Amino acid sequence: MTYLRRISTLRLLAIGTVLALFAAATAAIAIAATGGGPTPPPKPLADAVRDALAAPPVEGVSARVHFTDGLIGESVLEGADPLLGGASGRLWASSDGRLRLELQADVSKGGGGDLQLLVADNRFTIYDPGVETVYRGTLPERHDGTSEGEGKDEPPSLAQVQEGIEEATRHATLSGATPSDIAGRAAYTVRVSPKRNGGLVDGAELAWDAANGAPLRAAVYAKGESSPVLELSATEISFGPVPTSVFEVSPPPGAKVVDISPPASGDEEAGGSAPVTGLEAVQAQTPFEVSAPTGLAGMERDQVRLISSGEDAGALVTYGKGLGGIAVLELPAGEAGSGEGDEAGGLQLPGVTIEGASEAQELETPLGTLIRFRRGGVEYTVAGSVTPDVAREAAQGL
């Protein structure tokens, strides 16, 4: 898993954010359409979800979209960066599962080009103009063995939808299907809020077309904030065939390529075997002393897991439960931070004092905190949906 050493932590988080929002806002796009209106009639949530899933497929989707990213402040972000600062753009989807998202940089603010995200054959490719790099990988498999982007032939019954909603309400509070008007389409919006262990996340919203079920908006809210921190929303949308040429996009010549697909299971050298877990087992395969106290920042240790193998072997140690927990990534320092760190691509993270550590940096966002530092030949990344004080306490406790 040496890709973790070749990519800025901040950009890795940003890529994960875009993929998560993109998946949420497009996962059901192959469903479709007749009619529409300013707002739909009130309807129970289960009925609205079932109708969306049961709608016949459309031939394709073309949309203008706006991506909001309020995680990173202007003091950290220098110039226009569609991945880290948000942007307007376009989205296309075809009935065979191909997807393209284009976020257009503001050239007047120093933007270096448009971000391109392509999904096809269960693989994704992202061209990030901010660092002139192509990130590519494989979409994760679901519990039923299919990959994200693969659909099922038969939609669930109303009873199955209700059962799924009841299961979800064990862990989260769900609103009803709120009639909405998005991109000139009649839509339903549902808000999901964690009941416990939500960290700094207050909730998320997903809106879909009332006539065809196509997702129109996905947003994430932080506690105490009335506006979304992250949002991908359609501003205009139409349905119909999408030319194949739309998905034939190549990155500029000379762009760096980074594969960020983790192994399917286990570590890279294990050939897909069961993952190595437990402090003793992980310590036996890492070239440095793993720091994994039984408790950190008032949270109990949950798991210690091997990351990669050989000279690149590291550990992922988790504390607490749910979104409110903390993850600690420990890797051999090597040459990390010398040109490949978060200073690249127009980013300047503020420094923070961690006793005995060097090159300590902190990123505070409305949804959580990340601290990265080096000590004794090891690079530590502490991240969680927690306040800076909690993250610093955790970093100091290692």
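Reader: Where is leucine 349 found?
Author: In this predicted model, leucine 349 lies in the loop between strand 17 and strand 18 (358–365).

Reader: Buried or exposed, that leucine 349?
Author: Leucine 349 is buried: its relative accessible area is 10%, and buried means under 20%.

Reader: And how far is leucine 349 from glutamate 364?
Author: Their C-alpha atoms are separated by 9.4 Å, with the two residues 15 apart along the chain.

Reader: OK, back to strand 17. Which strand does strand 17 pair with?
Author: Strand 17 (residues 326–332) pairs with strand 20 in the antiparallel sense, over 7 bridges. Leucine 331 stands opposite glutamate 379 there.

Reader: Why is strand 20 largely enclosed?
Author: Because 6 of the 7 residues of strand 20 (residues 378–384) are buried, the rest of the structure largely encloses this strand.

Reader: Switching to helices: at what angle do helix 2 and helix 4 pack?
Author: Helix 2 (residues 45–54) and helix 4 (residues 158–168) pack at about 120°, and their axes are 9 Å apart. They are therefore oblique to each other, and the crossing is right-handed.

Reader: Which residues meet there, between helix 2 and helix 4?
Author: Leu45, Ala46, Asp47, Val49 and Arg50 in helix 2 meet Leu158, Val161, Gln162 and Ile165 in helix 4. By class, that contact has 6 nonpolar, 1 polar and 2 charged residues.

Note on methods. Residues numbered from 1 in each chain as written. Predicted model: local features only at pLDDT ≥ 70, side-chain atom pairs only at ≥ 80, totals over all residues. Heavy atoms only, no water. Buried < 20%, exposed > 50% of the residue type's maximum accessible area, 1.4 Å probe, protein only. Helix = DSSP H or I, 4+ residues; strand = E, 2+ residues; numbered from the N terminus. Pairing = 2+ DSSP bridges. Axes fitted to C-alpha atoms, helices over the stretch in contact; angles between N-to-C directions. Parallel < 35°, antiparallel > 145°, perpendicular 65-115°, else oblique. Left-handed = near helix turned anticlockwise from the far one by under 90°. Contact = heavy atoms within 4.5 Å. Nonpolar A, V, L, I, M, F, W, Y, C, P; charged D, E, K, R; others polar.
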